Amino acid sequence: KELVYIDFTGLYFLDFSFFKHFQKLSQVKTLCLHECGLIDIPQDLVNLPKHLIYLDLSCNYISSLPDELHWKNLEGLNLSHNALNVWPSCLNGNNFPELKGLIMSFNNLIKINQNIATFQNLISLDLSFTNLESFPLFISNSFGLKYLNLRGNIMLEEFNFNFIVLLSNLEYLDIGKAKTSEIDKHKIPASLEFIISHDTKNPFS
């Protein structure tokens, strides 16, 4: 049987020689490098095996992504809890045409380039606690989006429901701690089932 799932959670690499042979593991679909002490993307991961569809790089120290990164077949990417201070220029719909789920929470993104190519297949986007100051316009054109989390962005300029009025598939929206304009029911997508705008607190704290 072929290896399809690799989880290296908590394993700190002294070198990355293992990844020199990673392309040979052609049937791997999931690679988890959660909390592996990474400060950048190993060169041998710039090109991924063609069947890899989910990559977890959360809880590392990654501050940038290589410009030559083209993970064309990737459907899920988790970059939460890293050291990103800007939105990586390579992270766009042209280089990630199949991306369905993207988690960028707990990075210090502040401002996102408003000319990012739209992720045509994006279904789930988590930008919670990223210190955003303005609404990323590419979201308004992500028409397949069902889940959007903007919680914890207390510096975000007033959230306007005009931003999401065309997202006819959106089911879940979390804008907790963000300033919001007056809600016009005519600008709320009919598909929306959950809107969370309050600051949820732990009742047991």
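**Note on the predicted model: salt bridges, sheet and core**

1. Asp174 and Arg151 are both buried. Their side chains meet in a salt bridge, with 2.9 Å from N to O. Asp174 belongs to strand S8, while Arg151 sits in the loop between S7 and S8, so the contact ties together parts 23 residues apart in sequence. Side chains of opposite charge can pair when their charged atoms come close. Please keep in mind that this is a predicted model.

2. How many salt bridges does the structure hold? The count is three. Besides the pair above, Lys20 and Asp44 join through their side chains at 3.9 Å, N to O. This pair links distant parts of the chain, 24 residues apart. Lys20 is in the loop between strand S1 (5–7) and strand S2 (30–32). Asp44 is in the loop between S2 and strand S3 (54–56).

3. Nine strands make an open sheet with parallel pairing. The order is S1-S2-S3-S4-S5-S6-S7-S8-S9. Which strands stand at the edges? They are S1 and strand S9 (194–196). Each has a single partner strand, so one side of each is left without a neighbour in the sheet. On average, neighbouring strands are turned by 5° against each other, direction ignored.

4. One pairing in detail. Strand S6 (residues 124–126) pairs with S7 in the parallel sense, over three bridges. Leu125 has Leu148 in S7 as its bridge partner.

5. Most residues other than glycine have a negative phi. Phe129 has a positive value, near 55°. Asn131 has a positive phi too, near 60°. Is either side of the pair hidden from solvent, or how do they class? Phe129 is partly exposed at a relative accessible area of 31%, and Asn131 is partly exposed at 35% relative accessibility.

6. The largest nonpolar core has 56 residues. Which members touch the most other members? They are Leu31, Leu33, Leu57, Trp71, Leu77, Trp87 and Leu127. Take Trp71. Beyond residues up to four places away in sequence, Trp71 touches Ile41, Leu45, Val46, Asn47, Leu48, Leu55, Leu57, Leu77, Asn95 and Phe96. Two of those contacts, Leu57 and Leu77, are also in the list of core members above.

7. Pro42 is in the loop between S2 and S3. Pro42 counts as buried, because its relative accessibility is 5% and the limit is under 20%. Pro42 and Pro66 are 24 residues apart in sequence. Their C-alpha atoms are 9.7 Å apart in space.

8. Where is Glu171 placed? Glu171 is in the loop between strand S7 (147–149) and strand S8 (172–174). Glu171 is partly exposed, with a relative accessible area of 32%. Leaving out residues up to four places away in sequence, Glu171 touches Lys146, Ser191, Leu192, Glu193 and Phe194. Gly152 is 19 residues from Glu171 along the chain, and their C-alpha atoms are separated by 19 Å.

9. Last, confidence. The protein chain averages a pLDDT of 90, and 96% of the residues score at least 70. Residues 201–205 need a caveat: the pLDDT there is below 50. Beyond near neighbours in sequence, that stretch has zero contacts in the model.

Methods:
Residues are numbered from 1 along each chain as its sequence is written. This is a predicted model: local features need pLDDT of at least 70, side-chain atom pairs count only at pLDDT 80 or more; totals for chains, interfaces and linings use all residues. Side-chain values use heavy atoms; hydrogens and water are left out. Helices (H or I, at least four residues) and strands (E, at least two) are DSSP runs, numbered from the N terminus. Buried means under 20% relative accessible area, exposed over 50%, partly exposed in between (1.4 Å probe, protein chains only). Contact means heavy atoms within 4.5 Å. A nonpolar core is a set of buried Ala, Val, Leu, Ile, Met, Phe, Trp, Tyr and Cys residues joined through side-chain atoms within 4.5 Å. A salt bridge is a side-chain nitrogen of Lys or Arg within 4 Å of a carboxyl oxygen of Asp or Glu. Two strands pair if DSSP finds at least two bridges between them. Axes are lines fitted to C-alpha atoms, for helices over the stretch in contact, and angles run from 0 to 180 degrees between N-to-C directions. pLDDT is the predictor's confidence in each residue, from 0 to 100.
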